[in-house]
Amino acid sequence: MTTDPATASTTSPEGLATAAALALGDDALVLSHRLAEWAGHAPELEEEVALANIALDLLGQARVLLSLVGDEDELAYLREERAFRNAQLTEQPGGDFAATIVRQLYFSTYQRLLYGRIAAAAGEGTGDGGLGGLAAKAVKEVAYHQDHAEQWTLRLGDGTEESHRRTQAAVDALWRFTGELFQPLPGLDGVDWAELEADWLSSVTAVLDRATLTVPDGPRTGAWRAGAGRQGLHTESFGRMLAEMQHLHRSHPGATW
Amino acid sequence: MTAVTADAHKAPQAYEAVFDAAVAADERIEPRDWMPEAYRATLVRQIAQHAHSEIIGMQPEANWITRAPSLRRKAILMAKVQDEAGHGLYLYSAAETLGASRDELLDKLHSGRQKYSSIFNYPTLTWADVGAIGWLVDGAAITNQVPLCRCSYGPYARAMIRVCKEESFHQRQGYESLLALSRGTPEQHAMAQDAVDRWWWPSLMMFGPPDDESAHSAQSMAWKIKRHSNDELRQRFVDICVPQAKALGLTLPDPDLKWNEERGQHDFGAIDWSEFREVLKGNGPCNEQRITQRRRAHEDGAWVRQAAAAYAAKHREATG
């Protein structure tokens, strides 16, 4: 790889769009991988289909976004963890089904609101290099993901005592990873991030309320400042995830598959 | 169509005669039609085992999803494993038209009272195994399943039509993946050859025991559930694979494999039926692991299914 896009100049307009595409592409790539870990382990067959379907949509988005930046396989397989720009939320290990659903609720709500805005901005002619087209297509997929996550949040939150307990635990545990989603991404100037965050909070709060779950009152940032993943500062499990994901590709330099 | 509708005024022999005539005329038997109990039981067993094979069959391939070497291959593999879950769902639905329930069939799988295809008890040790499974295992499955599209039981035949369309697509992708390896670096070529060496014989075993040892074959053929014997289908598969292996630039691990001019078919070496019987008895390389993972997924997911049921019950009451 000649230039590392993670550290490429973000002062030119192309550089800005590239930085945003890389961050959003990494989100989709990493979350897709985490969801794919469920294959063969889901609680029912319908969820084998649904989780794989969401993972596949996200992988499709990742491929388009990373291709706006450079070679998709070089970017996915040959960067080390400090060069990844995904939000830490997306790399959190699956845990139980409740943790997977809550992660998905938080993320797909964000993604739908953000892609909706990027697509709208592109429609008005103020969009950015290639992101608008992807957003317009992906927003439809993401609306399904959000619906799936919401329906399951309701079932789990308002299901049995055990499912309520597990889901509340997931809601609480993942809450501190949600703040960094709203750090402005360079190149997406049309997006009002404060408004996006307010919309996200009201959407997620409404679902948690309906699901009889309590909105956490803790901070939405953890030990790391919000925005850590976007700076290439990740949580410990992420390196192990990449080791598994990249091992084969790295073992055969230059091979095509 | 309704070939034989149960009618309280008819004697059992009359039903049997109408059923036999419908089968003889290549008509489809449908869920509401009268059918012999043994026909129903055979179909439930066969369709359930077929469904179980789709579900267990997700495991050896899912084993490589998180390590797939390119994003394109990863997407293809994820789509394939997702399709397999979908095939399982179609097939459980087909079995349910015969009065079985999915829960009961899954319980039989988990407790070892129903089987799944012996092939999925072999491990996927390298990435090339994913391609070999696509080419050989899916290829054998298609050879078996295409005649089932004309099976006498309508819901099964229709499920097979949908399954075969998707399987053929996967098989081409598996072949193409092996081709890329075979034409790749020497290490990739060796990986592809090793995978074919390990999957060839187990794939031939997918057609079941030789005709003279196949317990259910004669009756299934009389009922037109089966259209061809195990050995006929196995021979057809070998004849299809030989030129494909040549095009791939890979060899098949059978020194006795050669064209027989007289028969117009390939002769091939003897299958190790003792290995087949051991795998069926539960002593294959992955039997224990596969069923343990399946049971664990089911047990770990119990609270999720209970939550969904509790939520549905609450909201049924709430809405009246």
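In the second largest pocket, α12(B) gives the largest share of the lining, three residues. Helices here are DSSP runs (H or I, at least four residues), numbered from the N terminus. The model is predicted: local features need pLDDT of at least 70, side-chain atom pairs count only at pLDDT 80 or more, and totals for chains, interfaces and linings use all residues. Residues are numbered from 1 along each chain as its sequence is written, chains are lettered from A and ligands numbered from 1 in the order in which they are written, and side-chain values use heavy atoms, with hydrogens and water left out.

**Pockets**

A pocket is an open set of points on a 1 Å grid over the protein atoms alone, with protein on both sides within 12 Å along at least five of seven lines; a cavity is a set where a 1.4 Å probe fits but cannot get out; lining residues have an atom within 4 Å of a point. Points are joined across faces, edges and corners, and a volume is the space filled by probe spheres set on them.

The second largest pocket holds about 300 Å³. It has 16 lining residues, and A:His41, A:Glu244, B:Ala62, B:Asn63 and B:Thr66 are the closest to its centre. Two elements of chain B, α3 (58-62) and α12 (287-300), each give two or more residues.

The largest pocket holds about 1,300 Å³. Its lining counts 48 residues; B:Gln46, B:Gln49, B:Met206, B:Phe207 and B:Gly208 lie nearest the centre. Here α2(B) gives the largest share, seven residues.

**Cavities**

There are three cavities of 30 Å³ or more. Of its 13 lining residues, B:Ile76, B:Val130, B:Gln173, B:Gly174 and B:Ser177 are the closest to its centre. Helices α4, α6 and α7 of chain B each give two or more residues to that lining.

The second largest cavity has about 80 Å³. Both chains line it: the residues include A:Leu35, A:Trp38, A:Leu51, B:Met58 and B:Val81.

**Linings by class**

Nonpolar means Ala, Val, Leu, Ile, Met, Phe, Trp, Tyr, Cys and Pro; charged means Asp, Glu, Lys and Arg; the others, Gly among them, are polar.

| Space | Lining residues by class |
|---|---|
| Largest pocket | 19 nonpolar, 17 polar, 12 charged residues |
| Second largest pocket | six nonpolar, seven polar, three charged residues |
| Largest cavity | four nonpolar, six polar, three charged residues |
| Second largest cavity | 10 nonpolar, one polar, one charged residues |
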